[in-house]
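Me: Can you take me through this model, starting with how it was treated? I'll ask as I go.

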Amino acid sequence: MPVKLTRGQEIKKFFTFVFFSISAGLIQIGVYTLLNQVLGIKSWWLSYLPALVCSVLWNFTINRRFNFKSVSNVGIAMFKIFAYYCIFTPASTLWGDALSKLNVGLSPDVWGYVILVGTMLVNFVTEFCVYRFWVYPRSINSSAAGQREQERIGQRQLEEVNGHI
């Protein structure tokens, strides 16, 4: 049964998603840098795609367990994220590759990182919406840890009501 999150819980889940997305972003930048700078792969998209995959796997795993606290069917949740990335990945790869060929007065390496960070910001916003409203809309806090969170919130609300009587 879906739970009704308080405004505070919604805000906390958003900022937790931000924190986990930063960690996923660091993974993505690290893999991109390894491929582009260390291994010398100068094609933007050949460095971008493996970095994106590593980031997505990390973000899915950590957000499912520690942020959305869901026990929904992992296969279905992964399929929904896969469907999202079937749209986002080609679009971001195409726009990133097209942008990487523009002469904007920056070195190709610096411009590649500008494109990467911009793409990551678009990904962050759209991915949060996908997770919150499509992947886990009815299963947030369905794990044991999530149920404990809901019990704490319920207890706190009950104490507030009793304190005002």
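This is a predicted model: local features need pLDDT of at least 70, side-chain atom pairs count only at pLDDT 80 or more; totals for chains, interfaces and linings use all residues.

Reply: Residues are numbered from 1 along each chain as its sequence is written, and side-chain values use heavy atoms, with hydrogens and water left out.

Me: Which residues touch the most other members of the largest nonpolar core?
Reply: Phe-68, Ile-81, Tyr-85, Tyr-131, Val-135 and Tyr-136, out of 28 residues. Such a core is a set of buried Ala, Val, Leu, Ile, Met, Phe, Trp, Tyr and Cys residues joined through side-chain atoms within 4.5 Å. Buried is under 20% relative accessible area, exposed over 50%, partly exposed in between (1.4 Å probe, protein chains only).

Me: Which helix gives the most to this core?
Reply: Helix 4, with nine residues. Helices are DSSP runs (H or I, at least four residues), numbered from the N terminus.

Me: And what is Phe-68 in contact with?
Reply: Leaving aside neighbours within four places in sequence, the contacts of Phe-68 include Lys-13, Phe-17, Phe-128, Tyr-131 and Tyr-136. Contact means heavy atoms within 4.5 Å.

Me: Switching to helix 5. Which of its residues are buried?
Reply: Gly-146, Glu-149, Gln-150 and Ile-153. They cover an arc of only 95° around the axis, so they sit on the same side of helix 5; the arc is that of the directions from the helix axis to the C-beta atoms. These buried residues pack against helix 1.

Me: What exposed residues does the face turned away carry?
Reply: On helix 5, that face has Ala-144, Glu-151 and Gly-163.

Me: At what angle do helix 2 and helix 4 pack?
Reply: About 35°, with their axes 12 Å apart. Axes are lines fitted to C-alpha atoms, for helices over the stretch in contact, and angles run from 0 to 180 degrees between N-to-C directions. The contact involves, among others, Trp-44, Tyr-48 and Phe-60 of helix 2 and Ile-115, Leu-116 and Tyr-131 of helix 4.

Me: Last one: where is Ser-72, and does it count as buried or exposed?
Reply: Ser-72 is in the loop between helix 2 and helix 3. Its relative accessibility is 19%, so Ser-72 counts as buried. Leaving aside neighbours within four places in sequence, Ser-72 is in contact with Arg-64, Ala-77, Tyr-136, Ser-139 and Ser-142.

Methods:
Helices (H or I, at least four residues) and strands (E, at least two) are DSSP runs, numbered from the N terminus.
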